[in-house]
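Hi,

Here is the complex I said I would pass on.

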Amino acid sequence: MDVVALLVILAVLGTVVAIVSAPLRADRRERERDDTKDRVAELEARKEAKYREIRDAEMDLRTGKLSAEDHRVLDRQLRAEAIDVLRALDEAAGR
Amino acid sequence: MATVGRALLILALATAAYGIVASIYGARSGRPEWVVSGRRSVYAVAALCTGAFAILEIAFLRSDFSFATVASHSSTTTPSFYKAAAPWSSQEGSLLLWLWLLSLWSSLVLFLTRRSLRRVAPYATAVLLGFAMFFASLLVFRETPFGVLAVVPADGAGLNPLLRHPSMMIHPPMLYSGYTLFAIPFAFAVGALVTRQVGAADWIRSTRRFALAAWFFLGVGILLGARWSYSELGWGGYWAWDPVENASLLPWLTGTALLHSIMLQEKRGMLKIWNVSLVLATGILSILGTFLVRSGILDSIHAFGASTLGVPFVILIGLMVSGSIGLVVWRREALRSDNRLDSLLSREAIFLANNLVLVAMAFVVFWGTFWPLIAEALTGTRRSLGPPWFDRYTVPLAIVLVLLSGIGPIIAWRRATAANARRNFLVPSVVALAVAAVLAAVGAGSRPLALAMFACGAFVVASVGQEFWRGVAVRRTMTGEAPLRALGSLVGRNRRRYGGYLVHVGMAVLFIGVAASTAFNDARDIRLDVGQTARVGGYEFRYVKPTSRISTNAAGSLEKISFGSVVEVRRDGRHVTTLRPERGYFPSRDQAALGALGRFFEGEATSEIGLQAGLRRDIWTAMTPDIRALLPIIQQGDEVFGAAAGKLPPAAEAAALGTALRGLVDRYVANPPPATFRIITSPLVTWIWLGAIIVFGGALIALWPGGDAPGRRVRARYAARVAEDVAAGREREPAVVA
């Protein structure tokens, strides 16, 4: 094995170790802040998905694929779930 | 460079192993820093594989024959365009491509979900790294792409001529992208089962886009393969129920079922066991597809691998199957449906029927593909099932599938009422019946299955057209937008739904093309001398004159000899087109055994077809000249060159060979032997490719990320309405939840 190849391999190895081990060397408070951000992002995604479902149901009603009665029940259920997500979001964001 | 490449693969293997341990330890001990470290291992594996793949690509592009893979799969005469694609014509390069794509897609999904699915993602990371470790192990211990030769040859063996086709540049990466992307829902399903999160819609929502991307890439790969078969293999068809074709179709079929049935889990909390089973089965079938291509266990025109990988793949597939069954049984309590089917006349029931048809098709394809192995195990004799067997079962199922794809978009959720049926089914049914009546009147009734497919296709186009029409009408009522703007905003605001509807239209168009081109084609093999005419499908084909040419590459080295023909096509005395099919002969490298001239006719031969494609009909020809008349001359030339071997300077020998070959091709033109022509006239073949373009266009619309400004405004409006509900008071809330 030539020296250049050996040096390249060692440099790559060092870089991989540095990248992979970085989270283990991070500050604890920083990690906690990241956890909160992750939780909020997860709930935001859930909230937007729920709103999309509400819009879908409305489109189904308007194009005749949901009866008014079924839409009323589904819409209420989806809004109740959206409320739960909003509450959880407030809690996670500390509001 | 080979040393660095090998070292990168060893590092990738070690990093994957570390990442598995870190992810699982982090998840079980509740230490997120280890989970993040595990995720970063995936990024590192992707970077290492990118480096390894780049080294291999550079070796191919530079024709570095010290790499054994390059020497056996490329040559100085291989055009640069194909040198770039040559890595995946080899077993080891193909496995490296698989690993590289897996690592890239895994990195992307884990980056996008880094702030969500916090319980599921670590286990998914471990599973994805498990796949990476498996393939890295194969590349390190069994099939290294970085093996070097002790003696470097002056030239390589060259790329298989059959693979010298533009679609082969992207066909394997597309297929492998599909296979590797299907590993992602598989990994998240395992994570969801382990963490008991499988009932939640979050993991499905997060990985659905990747399942759709897998479906898209696999579909594009399958279509490119079909196109290659049609234009390169010289038999005139686009689908032969070949084991490797079938292997790619299997996960595509179950993936199609999955993309529909997950909507029931998202919307109604139904079919959880079915969905997770489909996810797992699709992941397993993707690995099986890779196994079939690379192992050569079943005879196939596409199987370019040798059977050295059978045992590790069988172990992996065995682990995946037993692990999947075990996990589903273990978590069966968490997989209970929230709702039941309200009516057999509902969208839920149609989705279920669509799933059953797709899985039945997958079962038929699986059974037919593996029958040779099953028969061998039972009787000791390997027997294959041909296209008629597959057609007997898949054609009726495909007709039902197309019909369901028309019913699905227009039937009501939960329970269809008579009013719903009248409102939504009247126009598509009338259109379908009218199309059937007109086509039956012009003679299509002689092929009842094809006629049924045309009617069902018309039903789909009409039902989806009606959906777009009504959607635009609703938007115009709500916003007062102009029709085109309303159409744009309708699709833009619900890309998944309307992209999916376009996919249905594309599939209908594609199946109409398949039905017409198989039921109403006219194919004949005819031996013609120059000047003779054959009549096929109402057209007259006249062999006008022979052609021949010697092709050289940019460096001036001889690449192939082509013997061709000029064929004039006429109908009712009127000129339609002129076709120029050819047969290309690529030289074998074994000059000592086959002779200086003979080696040109003992190596690979390919067909360059003559094709006149049109919206209504394709006219397709391929030719095989009878070169037996040239054999005495070839043998004579071989004897002369054999006697002169070593006595002439290389340059003089090359010049003499060039003169001899030119004499040979001139002789072919001066005294043309008869040729066997395969002539096919097929209606609507172009519809297959057009349908595929519509399908993939629709899939791209569905895949396209959201986040547009109008969407945000709508979300804000809904947020305000939901907030109003919150403020409305506690007494209303229990009723809402109930």
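A word on confidence before anything else: pLDDT is the predictor's confidence in each residue, on a scale from 0 to 100, and two residues are in contact if their C-beta atoms, placed from the backbone, lie within 7 Å. Keep in mind that this is a predicted model. Over residues 707-712 of chain B the pLDDT stays under 50, and the model has 5 contacts for that stretch beyond four places in sequence. Residues 728-738 of chain B are also below 50, with 4 contacts in the model beyond near neighbours in sequence. For chain B as a whole, the mean pLDDT is 87, and 93% of the residues reach 70 or more. The complex gets an ipTM of 0.72 and a pTM of 0.87 from the predictor.

Now chain B in general. I count 23 helices and 10 strands there. Its radius of gyration is 29 Å, close to the 27 Å that the globule rule gives for 738 residues, so chain B is as compact as a globular protein of that length. Along the principal axes, its C-alpha atoms fill a box of roughly 105 × 70 × 60 Å. Of the contacts in chain B with a separation of 6 or more, 76% are between residues 24 or more positions apart.

Next, the sheets. Strands in a sheet pair through backbone hydrogen bonds, parallel or antiparallel. In chain B, 4 strands make an open sheet in the order β1-β10-β9-β8, with antiparallel pairing. Which strands stand at the edges? They are β1 (522-528) and β8 (610-612) of chain B; each has a single partner strand, so one side of each is left without a neighbour in the sheet. From one strand to the next, the twist averages 15 degrees. At the β8 end, 3 bridges join β8(B) to β9 (residues 617-625) of chain B, and the two run antiparallel. If you want a pair to click on, G610(B) has T621(B) as its bridge partner in β9(B).

Strand β4 (residues 558-571) of chain B pairs with β6 (residues 582-585) of chain B over 4 bridges, in the antiparallel sense. β6(B) also pairs with β7 (residues 605-608) of chain B, again antiparallel and over 4 bridges. You can follow this through R583(B): it is the bridge partner of F563(B) in β6(B), and its own bridge partner in β7(B) is S607(B).

A few single residues are worth a click:

- G637(B) sits in helix α19 (residues 631-644) of chain B. It is buried, with 21 other C-beta atoms within 10 Å. Leaving out residues up to four places away in sequence, G637(B) touches A596(B), L597(B) and A660(B). A596(B) is 41 residues from G637(B) in sequence and 7.5 Å away in space, C-alpha to C-alpha.
- V530(B) is in the loop between β1 and β2 (533-536) of chain B. It counts as partly exposed because it has 16 C-beta neighbours inside 10 Å. Beyond four places in sequence, V530(B) is in contact with Y543(B), K545(B), P546(B) and P672(B). L558(B) is 28 residues from V530(B) in sequence and 28 Å away, C-alpha to C-alpha.
- S63(B) is not a glycine, yet its phi is positive, near 50 degrees. It lies in the loop between α2 (32-61) and α3 (68-73) of chain B, and with 18 C-beta neighbours inside 10 Å it counts as partly exposed.
- L684(B) is another non-glycine with a positive phi, about 65 degrees. It is in the loop between β10 (675-683) and α21 (685-703) of chain B, and it counts as buried, with 23 C-beta neighbours inside 10 Å.

Last, the interface. Here 42 residues of chain A are in contact with 40 residues of chain B. On the chain A side, α1 (3-21), α2 (28-62) and α3 (68-93) each supply at least two of the residues that touch chain B. α2(A) gives the most to that side, with 16 residues. By class, the side of chain A that touches chain B has 24 nonpolar, 4 polar and 14 charged residues.

Cheers

Definitions and conventions:
Residues numbered from 1 in each chain as written. Chains lettered and ligands numbered in written order. Predicted model: local features only at pLDDT ≥ 70, side-chain atom pairs only at ≥ 80, totals over all residues. Rg over C-alpha atoms; globule rule 2.2 N^0.38 Å. Buried ≥ 20, exposed ≤ 12 C-beta atoms within 10 Å, placed from the backbone. Pairing = 2+ DSSP bridges. Axes fitted to C-alpha atoms, helices over the stretch in contact; angles between N-to-C directions. Nonpolar A, V, L, I, M, F, W, Y, C, P; charged D, E, K, R; others polar.
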